[in-house]
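Subject: Structure handover and notes

Hello,

Here is the structure I said I would pass on. Please look it over before reading the notes under it.

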Amino acid sequence: MRPVERGDIPTDAKGQSKQYNQYNQAQPDLISRIGEYCSYCERPIKTNLAVEHIQSKNSQPQLELSWNNFLLACTNCNSTKSTKVRDDITQSYYYWPSLDNTFRVFVYKPSGMIEINSALKAFAYAKAQKTLKLTGLDRHPNTLNKPSPKDKRWLHRQEAWDLAYLAKTQLAQNNNPKMRNFIVMNAKIQGLWSIWMTVFHDDFDMLNRLIQAFPGTCCLCFDSNGQPVHGLRGEL
Ligand SMILES: [Zn+2]
């Protein structure tokens, strides 16, 4: 999961902090800050990309219009999460891409499967499990946790992996800055940033290009070689 920085509350033409009358009004500002991707599954979503409340607007109505409570979510992630969130759930129960270095939480596989990073300590591992359950990102036809026919998140991860792998093969044969730019442009269109980061894990230049190219990626979550470091809450 790509760690993101949405930044301070956007300002209006007069330099005043924006106050949204409806949460949907924040969507263009969020897209501008963190890109037109689902904050959880990382797919590019050109329509129906919803403003997502980290803490449910039903249980925490005072946060309904709060910029710091916003992310972006696709229909699959949004609907899975909304059926799971209970009133007593707080931010500290889960890992969030706006608070944690979520790139360290999960491991992406060529089949489109997502696993929890086995290097995590026990408490972090348990929290990662809850995060997977909350979003349903681990649903895959090869597991007991099967996706519904409308949930193609696993398939899109598999397709992105295939494309990223092909791009890496092409780069090995034609290694130059133009090819690198071209691959990053394709990655932005295809989305699934974590897949590209995983496939190009041993190419520090590509890692840095990917971190820079996707809007709002948390730069502080990575060192100069594109390797993940601890997140804002410092747990990971
Ligand atoms: Zn999603």
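The notes below go from the overall fold to single elements and residues.

Please keep in mind that this is a predicted model.

Overall fold

The protein has seven helices and four strands. Their order along the sequence is α-β-β-α-β-β-α-α-α-α-α. The C-alpha trace spans about 55 × 50 × 35 Å along its principal axes. The radius of gyration is 18 Å, which agrees with the value near 18 Å that a compact globule of 236 residues would have. Of the 236 residues, 38% count as buried. Among contacts with a separation of 6 or more, 64% join residues 24 or more positions apart.

Nonpolar core

The largest nonpolar core has 52 residues, and the ones touching the most other members are Cys38, Leu72, Ile195, Trp196 and Leu210. At least two residues of this core come from each of α1, β2 (70-73), β3 (106-108), α3 (122-135), α4 (153-173), α5 (177-190), α6 (193-199) and α7 (204-213). α6 supplies the largest share, five residues. As general background, nonpolar side chains tend to be buried together in soluble globular proteins.

Strand β2 and its surroundings

β2 is covered on both faces: Phe70 and Leu72 are buried on one side, and Leu71 and Ala73 are buried on the other. Leaving aside neighbours within four places in sequence, Leu72 is in contact with Leu30, Ile31, Ile34, Tyr37, Cys38, Ser39, Leu49, Val51 and Glu52. β2 pairs with β1 in the antiparallel sense, over four bridges. In this pairing, Ala50 stands opposite Ala73 of β2.

Asn78 belongs to helix α2 (residues 75-84). Is Asn78 buried or exposed? Asn78 is buried, because 21 other C-beta atoms lie within 10 Å and the cut-off is 20 or more. Apart from neighbours within four places in sequence, Asn78 is in contact with Ala50, Glu52 and Ala73. Asn78 and Val51 are 27 residues apart along the chain, and their C-alpha atoms are separated by 9.2 Å.

α4 has 21 residues and reaches 31 Å from its first C-alpha to its last, close to the 30 Å expected at 1.5 Å a residue. Its buried residues are Arg153, Trp154, His156, Arg157, Ala160, Trp161, Ala164 and Ala167. They cover an arc of only 150° around the axis, so they sit on the same side of α4. Thr169 and Gln173 are exposed on the other side of α4. The general rule here is that an α-helix has 3.6 residues a turn, so residues three or four places apart point the same way.

α5 has 14 residues, and the distance from its first C-alpha to its last is 20 Å, close to the 20 Å expected at 1.5 Å a residue. Just after α5, Gly191 takes a positive phi of about 75°. Leu192 lies in the loop between α5 and α6. Leu192 also has a positive phi, of about 60°, although it is not a glycine. With 27 C-beta neighbours inside 10 Å, Leu192 counts as buried.

Arg2 and Glu42

Arg2 lies in the segment before α1 (27-34). Which residues does Arg2 touch, not counting those up to four places away in sequence? They are Glu42, Pro97, Phe103, Trp193, Ser194, Phe214 and Thr217. For one of these contacts, Ser194, the C-alpha atom is separated from that of Arg2 by 6.1 Å, and the two residues are 192 residues apart along the chain. Arg2 counts as buried because it has 25 C-beta neighbours inside 10 Å.

Glu42, one of the residues that Arg2 touches, is placed in the loop between α1 and β1 (50-53). Glu42 counts as buried, with 27 C-beta neighbours inside 10 Å. The phi of Glu42 is near 75°, a positive value in a residue other than glycine.

Regards

Technical notes: Residues numbered from 1 in each chain as written. Predicted model: local features only at pLDDT ≥ 70, side-chain atom pairs only at ≥ 80, totals over all residues. Buried ≥ 20, exposed ≤ 12 C-beta atoms within 10 Å, placed from the backbone. Contact = placed C-beta atoms within 7 Å. Rg over C-alpha atoms; globule rule 2.2 N^0.38 Å. Core = buried A, V, L, I, M, F, W, Y, C linked by C-beta atoms within 7 Å. Expected span 1.5 Å × (residues − 1). Arc of directions from axis to C-beta. Pairing = 2+ DSSP bridges.
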